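Work through the exercises below with the model open. Try each task before you read its solution.

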Amino acid sequence: MAFEFRLPDIGEGLEDAEIVSWYVSPGDVVERDQSLLEVLTDKASSELPSPVAGKVLKLSGQEGDRIKVGDVLIEIEEPPTTPPQENSLEEDLEIEESKPERDNSRIEEQKNFITVAPKVKASPATRKLARELTVDISSISGTGSSGRITNDDVRLAAKSDNTSSRPSSPIDSEQTSSFMPERSNLGFMEPGEHKVKGVRGVIAKNMSAAWTEIPHIHSLDEVDASLLIDFRNRLKKVTRQGASKITPLSIIAAATVRALKKYPMMNGHVVGNPAEKIIIPPSINLGIAVASESGLLVPVISEANSIDIFELAEKISELVELARERKITVEQMQGATFTITNYGALGGRWALPIISLGQAGILGVGKIEDRPVAVEGKVEARPTLPIVLGADHRLIDGDVAEAFKNSIMNDLLEPLNLLVTE
Amino acid sequence: MVVGEVSSSVDLLVIGGGPGGYAAALNASRLGRTVSLVESRLIGGTCLNVGCIPSKALIEIADLASLGNSSKDLGVKISTSVDMPTVNKHIKGLVTDLSNGISFLLDKAKVDVINGTARFTRPNRVAVENKEGHLEHLEFRDAIVATGSSPITLPNLPTDGEMIVDSEALLFQDSIPDQLTLVGGGYIGVELATVYAKLGSRVVIVETEEQLLPGFNKQLSKKLENGLRSLGIGICLGYRAVSFDQNELIIENSKESSAIPSDLVGIVAGRKPNSDTVNIVESGASLLSTGHVKVDSQRRAAEHIFAIGDLTLGPALAHKATAEAKVAADAACGVSNAFEPNCIPMVVFSDPQIVTVGVDPDSDEYSGMDFNSFRFPFSASSRAKTLGDESGFINVVSDQEGTIVGFQAIGKHVAELAGEASLAIETAASIDDLIGTIHAHPTMGETILEAALGLAGEPLHLSGK
């Protein structure tokens, strides 16, 4: 009998979802928990796993279609649920054995098995190293004689898995690690007309509305990041949960949360166009913009005002990882009151980020690099962090924006402030 | 659920005490697990008790028994006679020694060995029945299933333990049959044919395929056929055995049928996985159409269930089981590992011996792919000449970049080349690596060097190619 898989309620108050792409076609045999399709709700995309094993009979709906919760998505023919009986197994074998063809089937199985062996040009010890460093050894091209993969090749691949480019400063790799590795298909699209769907469609709608509605002002500045790096290095050694997850981004986030506490207007937003009312939320929910394969996703650290820098670092690391793997849920991306976008991880220095609707500000973080700085009348190379504050001018004037930004910069120059609990 | 069923808890349960099971138990114990091992018969499994070990012992004895024939031309006259009860005592003695050795290791590793037959009753539970018929229920955290395989039975030729026997019984015969017919020309069949031909039986092999060792390289198979025929073994290819009546085995092909006089018929048609008796599907594992258990690269068959050895797809060989045992034990203990060998060596202890490792460019699975290979005949090997058998050859295969990917050899003592061959393939050695390695003279290992030189276009003991 065919199993009807209906769109489950995958998010609070969800009514429908858009089919982004099908991973299976009619006739395919699927296993339990195999991903069937990607759906998009609000701003989260989810892969829906098959609850049963069987053969795909029918797909209801095309890519780009919207499906209501409870509607049939796919029909799957389930195999009989009773396990194979011993007797029938025995009989099968014996019947097979009594035929002359039996050896063929046996050989076929063996051949298939042997073909499975990947002819990886690396010693067992090197393959073991790859497993330990979770590197896909089949994707590495070896530098040894006749293309043999060496331990160094594996270590290099493990390193470049974590960094999208060659690190140019000691914390570059960390700054980058909150983003995905370089994609080979980045910026590519087939010539022709394309339907705007999925995460792209949501981004288009939201950005257009935000850009049209919010009068943006931007303020650009640079901070000497020497103490920030030193602070990060020392904090990492602290024996405390979350200490190992401390990155420059989590320190910037902690400084931002402290500034938002001081200037609640920056944590508020304007409702209506041009302006009907101002809302100042009771808690700080910090959004962190993350590039994912399907587009920009913004996981949210809720109640960031009630946690310390260690917990903040841990939560950021956890949510960014979920977003990058596109395993994040709708709820985990809702309710941001302020956003940080780290285009420095992509190599950028300056950018003018767009504020999301429902927020009054956004902090852009550029790449930390050694730059010439005037120190006591002399030019010195110092690690420097470029930051940009974007604010909704309907609510925020220059004085508030500058005071807010200065608060963040002061804490980055004296990060010990971030350990003070109020 | 059985009402009133009381179970004891165990940490890691290993089912089967063969080369897969006992290795898994020792590995897991070393990784800190508390291990219980259920074995229905004898520790050491098929390999040690009724497979590789007794068969190799018997092969050595058969070689000794036939020394008179092979030494004639070398100027040595030997006459031999064989006393089967003494032979059996010797073999049983060495098997017991080895089995005791493994029991000692298991004991030292604090593995709790339970004698009985295990059967899954739930995903995390087995019922173990001992010889007296008592049932004990064990609830485990993880299980590694290594119940091995059994000889395939043929419905038209059921074994009776007297006239029609399986491969296990053929290893412990009280007397040497006059006329032995073996149904099956795989590696078990050709090894036993060699043994009994050397012990003095008139042996006939009946094989349904058109070659001995189906699936093996045809050149090797043809060479083996010649070797076996010169031992006086009759070989009927493309025939199936139909029935046995009044000391005659009836065989037929599409055109004709004939009768082979036999006072003993050995059914050596291969082995089938013991996945049904242990009821492994109840654990959540699924079976392939062949009865093998479906596993991933960690040998995981279900969340807490691992299957290894003859239960999983691939050649039913002890060394494969032992290698999988390490992977499964590691995986069950949270250590990263995967069963992804570049090759699994296959060795046949017939006379001549055969070894095949890695890519065989003549086989269908590699058709259309470009390899270079060089065949070095043993007639140019000084060691082969001193051994008095120069009919064999070695074939070494490399890919287009010069990486060694395969070996096939037939001849005296070539089984011992399996180690170097496998190491070369696993480590992705190049032709130059083989050439740059000094091989001891005079050994059969030198033939690997000679073939590598041939691949490089610089043969030493051959003129031209």
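Two residues are in contact if their C-beta atoms, placed from the backbone, lie within 7 Å. This is a predicted model: local features need pLDDT of at least 70, side-chain atom pairs count only at pLDDT 80 or more, and totals for chains, interfaces and linings use all residues. Residues are numbered from 1 along each chain as its sequence is written, while chains are lettered from A and ligands numbered from 1 in the order in which they are written.

**Exercise 1.** Find where B:G44 is placed and list its contacts beyond four places in sequence.

*Solution.* 
- Locate B:G44 in the loop between β2 (35–39) and α2 (45–50) of chain B. Helices (H or I, at least four residues) and strands (E, at least two) are DSSP runs, numbered from the N terminus.
- Set aside neighbours within four places in sequence; B:G44 then contacts B:G17, B:G18, B:N49, B:L98, B:S99 and B:I102.
- Take B:G18: its C-alpha atom is 4.4 Å from that of B:G44, although the two are 26 residues apart along the chain.

**Exercise 2.** Explain why B:G44 counts as buried.

*Solution.* 
- Recall the cut-offs: buried means 20 or more other C-beta atoms within 10 Å of a residue's own, exposed means 12 or fewer, and partly exposed is in between; C-beta atoms are placed from the backbone.
- B:G44 has 25 C-beta neighbours inside 10 Å, so it is buried.
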